[in-house]
Amino acid sequence: MLSGTTVLLADDHRLVRAGLKHILAFADDLRVLAEADSGNELLQILRRQAIDVAVVDLSMPGLAGMALLRRLKADYPDVALLVLTMHAEEQYALDAFRAGANGYLTKDVAAEELVTAIRKVATGGAYVTPALAERLALDLNRHHAGPPHSRLSERELEVFRRIVAGKRLTEIADDMCLSVKTVSTHKSHILEKMQLDSAANMVKYAVQHGLFGDAVT
């Protein structure tokens with residue numbers, strides 16, 4: 001009978017999953033049992049298959065981001081969650097840990113670090129790179145008692161300013177050289193962090209807090 005830590009790879013890019021699977025193939029104690037290209041598929045797999053560690057991207061179709069992490073932690077508390085994402089901002093990491101993540105890595109890490117992180121969270125530990133840990137500590141001190149918009153990363157704040165200035169997501173994407181999908185993901189994170197439910201309430205918040213002077217026009 002095969003032994004070792006069982007792993008599920010959840011990322012909507014097939015090439016990314018293939019690369020991760022190739023890296024983990026060299027670790028004798030880790031076995032990739034399943035792959036998912038969306039949050040919904042990830043949940044479906046966990047309903048029928050026991051997994052030790054889920055390596056999860058934050059930006060997938062359907063249920064994603066912090067909402068996905070909270071759902072996973074609530075429904076499958078025994079599954080260790082390792083976030084592997086393109087978002088390097090400390091606020092994303094803070095939110096991920098609060099939502100139930102056991103570890104947080106960005107996609108530019110070395111292969112060895114990914115293996116180390118999986119092993120660490122599989123044994124009940126938490127994992128974050130030393131550089132990010134230092135930034136997290138500074139960020140906690142800076143935003144501990146700040147207003148809701150202080151929780152936004154610099155990139156999110158740029159998107160927020162453009163939204164309250166009345167720009168469409170396609171315009172924001174062109175202005176910032178991003179995909180519309182990425183801008184939409186930023187918008188979702190902004191609404192979640194600020195506990196707002198619409199762009200109209202974002203504008204209302206900007207008015208109440210005198211933020212229109214910083215808006216991009």
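A nonpolar core is a set of buried Ala, Val, Leu, Ile, Met, Phe, Trp, Tyr and Cys residues joined through side-chain atoms within 4.5 Å. Keep in mind on every stop that this is a predicted model.

**Stop 1: the cores**

Select Leu8, Leu42, Leu46, Leu69, Leu72 and Tyr104. These have the most contacts inside the largest nonpolar core, which has 28 residues. Now colour β1 (5-10), β2 (30-36), α2 (39-48), β3 (53-56), α3 (65-75), β4 (80-85) and α4 (90-99): each of them supplies at least two residues of this core.

Centre the view on Leu42. Which residues does Leu42 touch, not counting residues up to four places away in sequence? They are Leu8, Ala10, Ala36, Val56, Leu68 and Leu72.

Another core, of 18 residues, lies apart from the largest one. Leu9, Leu20, Leu105 and Ala117 are among its residues.

**Stop 2: the sheet**

Show the strands. Six of them form an open sheet with parallel pairing, and the order across it is β2-β1-β3-β4-β5-β6. The edge strands, β2 and β6 (127-128), each pair on one side only.

Next select β1 and β3, which pair in the parallel sense over four bridges. Ala10 has Val56 in β3 as its bridge partner.

**Stop 3: α1 and α5**

Select residues 14-24, helix α1, and residues 111-122, helix α5. These helices pack at an angle of about 75°, and their axes are 10 Å apart. Angles of 65 to 115 degrees count as roughly perpendicular, so α1 and α5 are roughly perpendicular to each other.

On the α1 side, the contact is made by Leu20, Ile23 and Leu24; on the α5 side, by Ala111, Leu114, Val115 and Ile118. Sorted by class, this contact has seven nonpolar residues, no polar and no charged ones.

**Stop 4: α7 and α9**

Move to helix α7 (residues 154-164) and helix α9 (residues 180-194). At what angle do α7 and α9 pack? The angle is about 95°, with the axes 9 Å apart. These two helices are therefore roughly perpendicular to each other.

From α7, select Arg155, Glu156, Val159, Phe160 and Ile163; from α9, select Val183, His186, Lys187, His189, Ile190, Lys193 and Met194. These residues meet where the two helices pack. The residues of this contact divide into six nonpolar, two polar and four charged.

Stay on α7 and select its buried residues: Glu156, Val159, Phe160, Arg162, Ile163 and Val164. They pack against α4, α8, α9 and α10. Following α7 is Gly166, with a positive phi near 95°.

**Stop 5: two loop residues**

Select Cys177, in the loop between α8 (169-176) and α9. Phi of Cys177 is near 55°, a positive value in a residue other than glycine. Is Cys177 buried or exposed? Cys177 counts as exposed because its relative accessibility is 70%, and exposed means over 50%.

Finish at Gln195, in the loop between α9 and α10 (199-208). Gln195 also has a positive phi near 55° and is a residue other than glycine. Gln195 is exposed, with a relative accessible area of 69%.

Conventions:
Residues are numbered from 1 along each chain as its sequence is written. This is a predicted model: local features need pLDDT of at least 70, side-chain atom pairs count only at pLDDT 80 or more; totals for chains, interfaces and linings use all residues. Side-chain values use heavy atoms; hydrogens and water are left out. Axes are lines fitted to C-alpha atoms, for helices over the stretch in contact, and angles run from 0 to 180 degrees between N-to-C directions. Angles under 35 degrees count as roughly parallel, over 145 as roughly antiparallel, 65 to 115 as roughly perpendicular and the rest as oblique. Contact means heavy atoms within 4.5 Å. Ala, Val, Leu, Ile, Met, Phe, Trp, Tyr, Cys and Pro count as nonpolar, Asp, Glu, Lys and Arg as charged, and the others, Gly among them, as polar. Buried means under 20% relative accessible area, exposed over 50%, partly exposed in between (1.4 Å probe, protein chains only). Two strands pair if DSSP finds at least two bridges between them.
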